[in-house]
Amino acid sequence: MGIWMDMFTKGFVKNTIRTFLLLSLVGLFIAGCSPKAVEKETEVPDATEEIDRNREAVQAVIEKEFTAPDNDYRKLRQATMIAQSQIKDPANFDALMEEPVYQEFTAYMEEIYAGYFTDNGYVNFINTAPAFMYSVYEGDYQLMPAAIEVTQNEQEPTLYDFTFQVTYTNKAETEEFNFAGNAMVPEEGKIGSIQFEDQDGLQTKLLEAH
């Protein structure tokens with residue numbers, strides 16, 4: 001009797017598992033053929049979402065560049081310059097690259113900007129102006145961007161035009177400066193190049209103030 005019950009139990013379990021698997025496969029087949037599943041398979045990326053991510057990348061770079069000066073960048077840049085001056089052969093760039101302070105300096109720049117650029121775009125932005133351009137002037141000043149407008153160019157979809165204002169504050173003095181520019185965004189959320197047009201002479205103001 002015990003053996004018969006054991007065989008019956010095992011058979012019942014096997015049948016139950018077989019039935020469960022069969023029902024699961026049928027359910028998956030039905031779900032796979034349902035309109036929702038077909039719709040999901042044929043779903044295409046939303047062009048509007050891509051444009052928004054491109055705009056967000058451009059706006060983020062403007063905000064980071066013109067919320068200045070970046071004091072962390074200033075300190076790391078100064079330390080790197082000191083380390084460079086202590087190298088016997090100034091042309092020995094490899095020696096500078098091995099310095100921990102230089103590695104920290106490059107890591108900081110990468111942390112701030114690399115995520116918004118293509119690989120080549122980032123290299124060009126860092127090695128040539130305008131990366132951190134508005135953080136290298138001397139003096140006690142503050143810059144703050146506002147009224148940022150980024151629009152996709154109607155003739156060239158990968159080109160984004162923008163305008164914004166920068167509030168310059170130095171002690172009791174406050175002044176507004178207008179900027180315009182454009183950015184090429186060849187990959188989603190990744191800038192290939194960006195340029196700023198200083199329409200009212202903010203750089204001249206920064207130079208004359210010190």
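A: Two strands count as paired if DSSP finds at least two bridges between them; strands (E, at least two residues) and helices (H or I, at least four residues) are DSSP runs, numbered from the N terminus. The model is predicted, with local features requiring pLDDT of at least 70 and side-chain atom pairs counting only at pLDDT 80 or more, while totals for chains, interfaces and linings use all residues. Residues are numbered from 1 along each chain as its sequence is written, and side-chain values use heavy atoms, with hydrogens and water left out.

The sheet is open and is built from 4 strands in the order 1-2-3-4, with antiparallel pairing. Strand 1 (142-152) and strand 4 (193-198) form its edges; each has a single partner strand, so one side of each lacks a neighbour in the sheet. On average, neighbouring strands of this sheet are turned by 25° against each other, direction ignored. Within the sheet, 9 bridges join strand 1 to strand 2 (residues 159-170) in the antiparallel sense. Glutamine 142 has threonine 169 of strand 2 opposite to it.

Packed on this sheet is helix 3 (residues 47-66), which touches strand 1, strand 2, strand 3 (173-184) and strand 4; contact here means heavy atoms within 4.5 Å. The direction of helix 3 makes about 160° with that of strand 1. For such angles, axes are lines fitted to C-alpha atoms, for helices over the stretch in contact, and values run from 0 to 180 degrees between N-to-C directions.
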